[in-house]
Amino acid sequence: MTTSARQAYVNAVVTNYVRLPGTPLRASRQDRLFARILYETRVPLRAVYAAFVLAIARREVRSATRPRLPAIRTLRFFQGPIDEIAQARIDTAYVQYLAAKIKPL
């Protein structure tokens, strides 16, 4: 595992994180540290992406009568969904379906 591979992984995670609805415009030092931990624990990028999609779909695709949820302040918000993805094999087609649902957001 090279430093450049680690940096590319961290950049990919952080770049996708800040593009999500309800997240900060810039990643914090703690967000980058958490992305590095994900790299060091060998969490595949596709699992992180699936966790992003799953968590955002759960937050955003809900009844319009329900109040809006507060903003996501840290990448660690996705720790639970990442663990969930790691434990349960989620069908790629389902992740693509959810991604299409949240794309307009």
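1. A quick term before we start: a polar contact is a pair of N or O atoms within 3.5 Å; within protein, one must be able to donate a hydrogen and the other to accept it, and residues adjacent in sequence count only if both atoms are side-chain atoms. This is a predicted model, where local features need pLDDT of at least 70 and side-chain atom pairs count only at pLDDT 80 or more, while totals for chains, interfaces and linings use all residues. Residues are numbered from 1 along each chain as its sequence is written, and side-chain values use heavy atoms, with hydrogens and water left out.

2. Have a look at Thr 23. A polar atom of its side chain lies 2.9 Å from the backbone oxygen of Tyr 17 and 2.7 Å from the backbone oxygen of Leu 20.

3. Is Thr 23 buried or exposed? Thr 23 counts as buried because its relative accessible area is 13%, and buried means under 20% (exposed is over 50%, partly exposed in between; 1.4 Å probe, protein chains only).

4. Leaving aside neighbours within four places in sequence, Thr 23 is in contact (heavy atoms within 4.5 Å) with Tyr 17, Val 18 and Ile 72.
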